[in-house]
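Subject: Structure for your files

Hello,

Here is the structure I said I would send. My notes follow below it.

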Amino acid sequence: MLTLPKIVERPAQPYVAIRRRVQIPFGDVIDATMPKLFQWVADHQVEPVGPPFFKYNVIDMQRGMELEFGVPTAKPLAADEVVVSGELPAGRYATLTYHGHYDNLIDVTAMLIGWAKEKGIRWDMEETEAGDRFAGRFEFYPNDPREVPNPDDWETQIWIKTAD
C-alpha cells in the first residue's frame, strides 16, 4: 500500500547517527550498523524521540552513496568516535508512506520523484563530483522488526526536502 505524495512542513530535528559509504544492496551494512547504533544509544542512556531512519547524504547509484543510520533525539548531542551528531533541517518536504517489503523502495522513491517532477518541484540538493548531495533526504522506519518480523508488513516514510 502506498499513500499519495504530499508536501509537509517539518521542524528541525536533532539526531545521532553512524555514517557509512554503501553500495546497493546494503543489507549487510544495515545488519552491522544498526545494532552498533542501538548499543551506543543504550550505553549513553539516550531515549530516541522517534523511529530510526536512513539519511541519504550523497547519492551516486554507480559509485556508491553516503548514508547515515540514525535516531532522532530530544536535544543536540556531542559526536564521538562512533556517532556523528546532526540536525534534520526544517523546511518543506515531499513525502509519502509505503507499507510493504523494502525491496520495492527504489521504485517507491522513483514514484515520489516522478510526482515531484510533474508538479515542478525541485529538490534542495546540489550536484557534486561525489554525486547528488541532499540537504534532507531520509526514510523513517516506524516498525520495530522484533515486533513486526515480516518485511511485507513494514512501514517506510520517505522524505525529500524541497528547494525553498
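F26, F54, L67 and F69 touch the most other members of the largest nonpolar core, which has 30 residues. A nonpolar core here is a set of buried Ala, Val, Leu, Ile, Met, Phe, Trp, Tyr and Cys residues joined through side-chain atoms within 4.5 Å; buried means under 20% relative accessible area, exposed over 50%, and partly exposed in between (1.4 Å probe, protein chains only). At least two residues of this core come from each of β2, α1, β3, β4, β6, α2 and β10. The largest share, 5 residues, is from α1. Another core, of 9 residues, lies apart from it and includes Y15, F53, L88 and Y93.

The model is predicted: local features need pLDDT of at least 70 and side-chain atom pairs 80 or more, while totals for chains, interfaces and linings use all residues. Residues are numbered from 1 along each chain as its sequence is written, and side-chain values use heavy atoms, without hydrogens and water.

Helices (H or I, at least four residues) and strands (E, at least two) are DSSP runs, numbered from the N terminus. In strand β2 (residues 13–22), 7 of the 10 residues are buried. β2 runs antiparallel to β4 (residues 64–72), with 8 bridges, and Y15 stands opposite P72 there. β2 is also antiparallel to β5 (residues 84–88), through 5 bridges; S85 in β5 is the bridge partner of V16. Strands count as paired if DSSP finds at least two bridges between them.

I24 is in the loop between β2 and α1. I24 counts as partly exposed because its relative accessibility is 44%.

Regards
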